Amino acid sequence: ILMAKGKKLIGWDENLEGGLAPEATVMSWRGMSGGIKAAKMGHKVVMTPTQHCYLDLYQGDPAIEPQTYSMLRLRDCYNFEPVPEGVDPGLVLGGQGNLWTESVVTLRHAEYMTWPRSLALAEVLWSSADKRDWNGFIPRMEEHFERFDKAEIKYARSAYDPIITITPYEGKHFVEIETEIEGLDIFYSFDESYPDHFYPKYEEGIWFPPGAGSIRVVTYRGGKQIGREIRRVIE
């Protein structure tokens, strides 16, 4: 019927389970495997895997982000390679970022979820792999932040926030802290006070001291706070 009307079918990778029409294009969202399989069958594909392209997911610590169900950090978007090895590049039409809005209730919320992750996807999809550089992307992203500020567009600064991992071990708790963006200074406190840049600076993994029930962490760059404070409690 579609072909008789001069139309072409495009659908999600579940279509592979029922057999593809000859002219069908596949949107690969459950990872890359569906797109790879379809391309090897000679079908055109659009790569849009959840691991890199679902903008409705958390982009920072869930404690201070809008409620959702999984994680997609800015760097995950930038690490996307839409043309996998062994696939004819001519069959990969491109990629797509998806912002599903079941839990996105306002336009400002939608802006926050879209930027800057869409900037990362744009650079990935419009640049060859040898031209991409994460550290080079950051200053380009920050130039857009200035434009967003002037246009009063809401965007996320979650990539500046500390990423805290707490591992229990024999009744104690070990803390590791990292950041997506390189070159940030990390400061922390265990006494429930706000950790400015006069507090201990994180260098490597640390243990919770006896009696401490939480850690507060903040990031600085050039002597100024750049990330939000994250508080994590021992569970």
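In this predicted model, strand E6 (residues 172-178) pairs with E8 in the antiparallel sense, over two bridges. Within this pairing, Phe174 stands opposite Trp207 in E8. The two strands belong to an open sheet of three strands, in the order E5-E6-E8, with antiparallel pairing. Strand E5 (163-169) and strand E8 (206-207) are the edge strands of this sheet, and each of them pairs on one side only.

The relative accessible area of Ala122 is 23%. Because buried means under 20% and exposed means over 50%, Ala122 is classed as partly exposed. Ala122 and Gly95 are separated by 27 residues in sequence, while their C-alpha atoms are 9.3 Å apart in space.

For the protein as a whole, six helices and 11 strands are found. The C-alpha trace spans about 70 × 50 × 40 Å along its principal axes. The chain has 235 residues, of which 45% count as buried. Among the contacts with a separation of 6 or more, 53% are accounted for by residues 24 or more positions apart.

The accessible surface of the protein amounts to about 13000 Å², and carbon and sulfur atoms contribute 53% of this area.

Key
Residues numbered from 1 in each chain as written. Predicted model: local features only at pLDDT ≥ 70, side-chain atom pairs only at ≥ 80, totals over all residues. Heavy atoms only, no water. Helix = DSSP H or I, 4+ residues; strand = E, 2+ residues; numbered from the N terminus. Buried < 20%, exposed > 50% of the residue type's maximum accessible area, 1.4 Å probe, protein only. Contact = heavy atoms within 4.5 Å. Areas by Shrake-Rupley, 256 points an atom, 1.4 Å probe, with all protein chains shown as cover. Pairing = 2+ DSSP bridges.
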